[in-house]
Amino acid sequence: MLRIHFNDADLARTRLAPAPDPLFEIAASMHRLQSSRGRWAHAGWYRAARQDLREKGLERALRSVLLPLYPRAAYFPDFLTPSSGVEGLEAGLEALLATPAERVAEEVGILDRLIGAPGWAGRLAEHEVRREFVGVLRAYYGAVVVPHQERIQARIEAERAVRGRGLLHGGVEGMLAGLGPMFRWGPPVLEVAYPRQTQDRDLYLNGRGLTLVPSYFNWGEPVAFADPGLPPLLWYSLLHEPAARPLREEDPERSLAHLLGRARAVALRAAAGGATTGEIARAAGVSASAASRHATVLRDAGLVTTVRHGSAVLHTLTPAGAAVLRAARGAVGDAGPLS
């Protein structure tokens, strides 16, 4: 277990990252390639990633360069996921390149002692070798993450909408209390489930605050830096819903036809700002069970995504749903209700 200790300054400085961390998503996606855990939630991505890696000639680099540095284990080097990664891919890669050679050598040494590191890994302390490594990371990211960015960002936005509600209703402590089954908030300590093979540890924020980073590809326990002196970040898994049934060839037209009904059009509009099933029911003037059916149709059509929040669920638009709503508004104008 990881125990994160807050004071009042820490609560004031705790935030939720606005977007996924590209370098951590690289690491977590490699863990998905190495494990069947969570495969059901990423089955489509897994098939596409294997094919794209083959087509782009990256399979050898994956096996010999990347996977040995990102083992699905209790430890991989902190310098591979610098804190500035939350600012975007280029910011993260620049920070990786700027890591002092002494720290790179130390962390590769820890990896070697705990799990085993490839013989060449010590050369990552050399700037030119690290620059070549960054090129491999950029190629991997472009092959297996970029093609899925819209879906990833849609899920992150849905997660942010859920956490935002917790923040509005209960402040930062309310947000921390609602993070899910891997967390337990008992002021002033956030207890976090951690891999069984690691010892219990305490992280004292000491006024630095905490950045919570939802991760699309992480599965199971949250992840924090091994070095407590680094900026406090906590990457945690999204709660994935079981995949909707595969759409048959005739489904797109049929699903879009369903959207012509008033209740589903209202549901789509409500989801633009994030809406629970109950809120959709009230907006559309239908029962909760009918609202749930409408949301299911929209989800099966790829127009909304659904995230559980306690006993309720929150529906938000996917990029496709936002495009459909923009097109509808362009066609009928915003002055009157959709019909």
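A charge sits over a ring if NZ of Lys or CZ of Arg is within 6 Å of the ring centre and within 35 degrees of the ring normal. Keep that in mind for the first stop of this tour, which goes through a predicted model.

**Stop 1: a charge over a ring.** Select Arg-39 and Tyr-46. The charged end of Arg-39 lies over the ring of Tyr-46, at 3.7 Å from the ring's centre.

**Stop 2: the whole chain.** Now show the chain as a cartoon. Its secondary structure consists of 13 helices and eleven strands. Of the 339 residues in the chain, 48% are buried. Among contacts with a separation of 6 or more, 70% are between residues 24 or more positions apart.

**Stop 3: a sheet of four strands.** Select S1, S3, S4 and S5. These strands form an open sheet in the order S3-S4-S1-S5, and the pairing is mixed. Strand S3 (183–186) and strand S5 (201–204) are at the edges with a single partner strand each, so one side of each has no neighbour in the sheet. On average, and ignoring direction, neighbouring strands here are turned by 20° against each other. Strands of a sheet pair through backbone hydrogen bonds, either parallel or antiparallel. In which sense do S1 and S5 pair? Strand S1 (residues 2–5) is parallel to S5, and four bridges connect the two.

Stop 4: Buried or exposed: how do Phe-6 and Trp-185 count? Phe-6 has 7% relative accessibility and counts as buried; Trp-185, with a relative accessible area of 14%, is buried as well.

**Stop 5: a stacked ring pair.** Move to Phe-24 and Trp-235, an aromatic pair that is stacked, with 4.7 Å from centre to centre and 5° between the planes. This pair also joins distant parts of the chain, with Phe-24 in helix H2 and Trp-235 in strand S8, 211 residues apart. Both Phe-24 and Trp-235 are buried.

**Stop 6: the nonpolar cores.** Select Tyr-70, Phe-133 and Tyr-140. They have the most contacts inside the largest nonpolar core, which has 51 residues. Several elements supply at least two residues each, including helix H2 (22–34), helix H8 (149–177) and strand S8 (233–237). Helix H7 gives the largest share, eight residues. Next, centre on Tyr-70. Beyond its neighbours within four places in sequence, Tyr-70 is in contact with Ala-27, Met-30, His-31, Gln-34, Phe-76, Leu-80, Phe-133 and Leu-137. Another core, of 21 residues, lies apart from the largest one; Val-172, Tyr-194, Leu-205 and Ala-224 are among its members.

**Stop 7: helix H10.** Finish with residues 262–271. Why is helix H10 described as largely enclosed by the rest of the structure? Seven of its ten residues are buried, which means that the rest of the structure largely encloses this helix. To display the buried residues of H10, select Ala-263, Arg-264, Ala-265, Val-266, Ala-267, Leu-268 and Ala-271.

Technical notes. Residues are numbered from 1 along each chain as its sequence is written. This is a predicted model: local features need pLDDT of at least 70, side-chain atom pairs count only at pLDDT 80 or more; totals for chains, interfaces and linings use all residues. Side-chain values use heavy atoms; hydrogens and water are left out. Two strands pair if DSSP finds at least two bridges between them. Axes are lines fitted to C-alpha atoms, for helices over the stretch in contact, and angles run from 0 to 180 degrees between N-to-C directions. A nonpolar core is a set of buried Ala, Val, Leu, Ile, Met, Phe, Trp, Tyr and Cys residues joined through side-chain atoms within 4.5 Å. Buried means under 20% relative accessible area, exposed over 50%, partly exposed in between (1.4 Å probe, protein chains only). Contact means heavy atoms within 4.5 Å. Rings of Phe, Tyr and Trp (its six-membered ring) pair if their centres lie within 6.5 Å; planes under 30 degrees apart count as stacked, over 60 as edge-to-face and the rest as tilted.
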